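Here's a structure to look through together. Let's take it one question at a time.

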Amino acid sequence: MSGGAGFAGGGAGISVRELELDLDAFEGPFDLLLALVLKEELDLRDVDLAGIVTAFLERLAEREELDLEACGEFLVLIAALLELKARGLFPDEAAELAELEPEEAAEELARRLAEYRRAKEAAIWLRERLTGEGDRFFRLGPAPLAPKVETPLAPQDPDALAAALRVLAQDPPHVSLSHMALRFPPVSQFLERFRALLGRRSRFDFETEVRELTRLEQASAFLALLELRRAGELTIEQASPFAPIRVSRRSKENDPQQERTAVWTVRSA
Amino acid sequence: MDRPLRLISPDPLDRLARTLEALLVVASAPLSVEELAAAADDDAQRVEEALRLVGERFAEERSGIVLEHVAGGWAFRAGREEAAACARLFERPAQRNLSQAALETLAIVAYLGPCSRPDIARIRGVAADSAVANLLERGLIAEAGRDTAAGGAVRYRTTPLFERVFGLENLSELPRLDDVGAGEAEIRDRLHAVAERRSA
């Protein structure tokens, strides 16, 4: 290094060591900062190293020529500070390296560098290999091999399957079409019957009269009943849905209130 | 149960070779001799003999399809002469634009694997997270258990795809890197020189 003739851009070169710093943790020349750090009177963790770099770059920019010698010196010093600070920030690593003698530290560093160098060499080999093998195209896809088929079921009897199939293969039961031939019993038959009944009695119970008949006949009878009601020959009463249907001969004695109820009941049925 | 009698065809090995061709063409990853033998229902030694026949049939410059021994198995690939046409048809995402960091990480995993991210970071001097994630995504490395130490970082190894992409039969084909040349000795000397000055 030069003798450090100039100060603050005055002389021939920049004196890195006399670089004036104005940081949060420290104010003064770079040289003093280094001394304090080495005597461990100043904790590097509190020092903004980027601030030192900025200060140096500002000093450098004041000059027209690039002072390579100063740059070199500065790089060495700032690199050392960065290393120290990094170790301080990672206590485990610091303990690991700090305990080593300089020779051992050098050996450890050389070992690590060699390891990294091998990795770099390998990476170069891989890159060349990739270039050399770049013209090999092959199929890429999902895993091609089907998983081995597991048979979780217990051994089965094939006869059971046959029996099951046999049931399915049977003809479905024949659907009876006999009802298609049924003749609807004539409504007129019941018209006559109810007229005759009301001739004998003033009222009767519909269910009682048709109880013995088939469903079709019952339906026919009900149609006859409705027919007679429409013609005004009788009145129909039902107390509530599904209650017995009472049929009465139509007469002048029936009061209008009863008549209205009957009409309402039939319509809503 | 008695084994059924095998019908003796004029050239049974040729028949087996055809079966192997069929198996190799439907597979999308290399098949080992054992896998081929199991699928062809034949014995391994005959499969190896038949593979030689297939290899003769599917050789560079003779066929657009080439049989190769790669990643611990046998696989068909395109002939090298057809690379340009293949490249126009599709890309290879596994090996496209591998960065220097990714290649160095891949080299460390290939040589020292299974190893963890901290292992890789120690050697490269920088965090390996993004390079590892990148390689995982490409399918060139895969998880391989955890460190036995407390904290148990995930360890990684290279995949069969790595061997395939780099055309390696297996990892032992990687060149030895014990001697990285005079460079290492030189670095060591310089470091020792620095150490002497410091301790002086």
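Q: Which residue in S5(B) is the bridge partner of Ala142(B)?
A: This is a predicted model, where local features need pLDDT of at least 70, side-chain atom pairs count only at pLDDT 80 or more, and totals for chains, interfaces and linings use all residues. Residues are numbered from 1 along each chain as its sequence is written, with chains lettered from A and ligands numbered from 1 in the order in which they are written. S4(B) and S5(B) (residues 154–158) pair in the antiparallel sense over 4 bridges; strands count as paired if DSSP finds at least two bridges between them. In S5(B), Ala142(B) has as its bridge partner Arg157(B).

Q: Which strands of chain B stand at the edges of the sheet?
A: The open sheet has 3 strands in the order S3-S5-S4 (chain B), with antiparallel pairing. Strands here are DSSP runs of E, at least two residues, and helices runs of H or I, at least four, numbered from the N terminus. Each edge strand has a single partner, so one side is left without a neighbour in the sheet, and the two are S3 (115–116) and S4 (141–146) of chain B.

Q: At roughly what angle do the axes of H1 and H2 of chain B cross?
A: Axes are lines fitted to C-alpha atoms, for helices over the stretch in contact, and angles run from 0 to 180 degrees between N-to-C directions. H1 (residues 12–26) and H2 (residues 33–40) of chain B have axes that come within 10 Å and cross at roughly 110°.
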